[in-house]
Amino acid sequence: MAPTPAALTTTPTSTTHDFAKEVKDFDDSKMSVKDLLDSGVTTIPKIFMYPPEILADLKPCNLEIPTIDLSHPREKVIEQIKRASHDWGFYQIINHGISNEVIDRTINAFKSFYELPMEAKKKYHHMDPKVAFYSNFNIFHSKAVNWKDSLRVYMAPNPPEMDQMPSVCAKELLDWDIQAKRVAEELMEMMCEGVGVKKDKLKEMSCLEHRKLVSHYYPYCPQPDLTMGLPPHTDRGVLTVLLQNEVNGLHVKHGTEWVEVKPVRGALIINVGDLLQIFSNDAFTSVEHRVVANPSKNPRISLAAIYNPGKRGENDVYGVFPEIMTPEKPSLYKEFTIPEIQKQGLTDDSSCRAIIDMFKLDKSEAA
């Protein structure tokens, strides 16, 4: 049984300094949330408690996001993807060519990593540029610590060596990068056709060349109404291909309501990122989503393949697809470079759609 950091409290702390110190103590301990749970805690420490405004509306409504069958005629699928990407920003896909056997093997490999003894995971508990194990990406800049553990691996353009990745899931990381990239390329082609540009437009813009895999493990939470697995956010990239196991928890904002993404055996979840909303001139929508803390004794496990432009020089300029701009519908966004975004120092607590807001033209500029 792992020891619990002595400084962690389960009652409100009196000062910001106390909170910061407890966060540092937790980070320095190199404990995962799974390790903390295994230590025997029955109430969550204060550093995991979210502000009331974030916890005010945790119950989802009865709607469901669209599910799209990729085995249907291409023209029909393109239209369904276009509509779902505009109206929802999220959709599930089935018959995508990845077998349930591969999916199960991938999920189980990551489960094996997270359930390793604390000492075996400690070596990855740092913010290495290529491989990192953590609870929050920016733990010292967040309102609270998330009740989850994460493993992030950059797969392109410069992937880590095999011995830099956890051995229990290294092969599955490499295999899933190949599988998910094939699906992402097919979807990008159909999304391009849906807005009226050539199908390889996003590929030519290098949007398959910067890839990272981010896995999350959401263990049982003894007080799920006081914390979050992931707070509301939008994805800042181009496209995300998400694999999840059978445990609920992912919610998508639709209008003013939260919609639970119910697990579908063998399905993948697709969502539009901020950059793709910009490229499409708002034909596609990047929407808020969150993961509530897990009340189930079974862990929720997910694996996100996140795609971004690989060309990142000062002269690599991005913006709305020129082909879709007309006098009646001019560009709604400024052109930009990736270094411009990087200089903003965005953190986990940056506002949702921060990149969209950063480059949105006001009405007089867009006219």
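Modeller: Helices (H or I, at least four residues) and strands (E, at least two) are DSSP runs, numbered from the N terminus. Lys122 and Glu119 both lie in helix H6, three residues apart, or about one turn of the helix. This is a predicted model, where local features need pLDDT of at least 70, side-chain atom pairs count only at pLDDT 80 or more, and totals for chains, interfaces and linings use all residues. Residues are numbered from 1 along each chain as its sequence is written, and side-chain values use heavy atoms, leaving out hydrogens and water.

Biologist: What makes Lys122 and Glu119 a salt bridge?

Modeller: The rule asks for a side-chain nitrogen of Lys or Arg within 4 Å of a carboxyl oxygen of Asp or Glu. Lys122 and Glu119 come to 3.5 Å, N to O, so they pass. By this rule the count is 17 salt bridges.

Biologist: Why does Lys121 count as buried?

Modeller: Buried means under 20% relative accessible area, exposed over 50%, partly exposed in between (1.4 Å probe, protein chains only). Lys121 has 2%, so it is buried. Its salt-bridge partner is Asp35, at 3.4 Å. Asp35 has 5%, so Asp35 is buried too. Lys121 in helix H6 and Asp35 in helix H2 are 86 residues apart.

Biologist: How do you know that Glu119 is exposed?

Modeller: Glu119 has a relative accessible area of 58%, so it counts as exposed. Lys122 has 25%, so Lys122 is partly exposed.

Biologist: Why are H4 and H7 called roughly perpendicular?

Modeller: Angles under 35 degrees count as roughly parallel, over 145 as roughly antiparallel, 65 to 115 as roughly perpendicular and the rest as oblique. H4 and H7 pack at about 80°, so they are roughly perpendicular.

Definitions and conventions:
Axes are lines fitted to C-alpha atoms, for helices over the stretch in contact, and angles run from 0 to 180 degrees between N-to-C directions.
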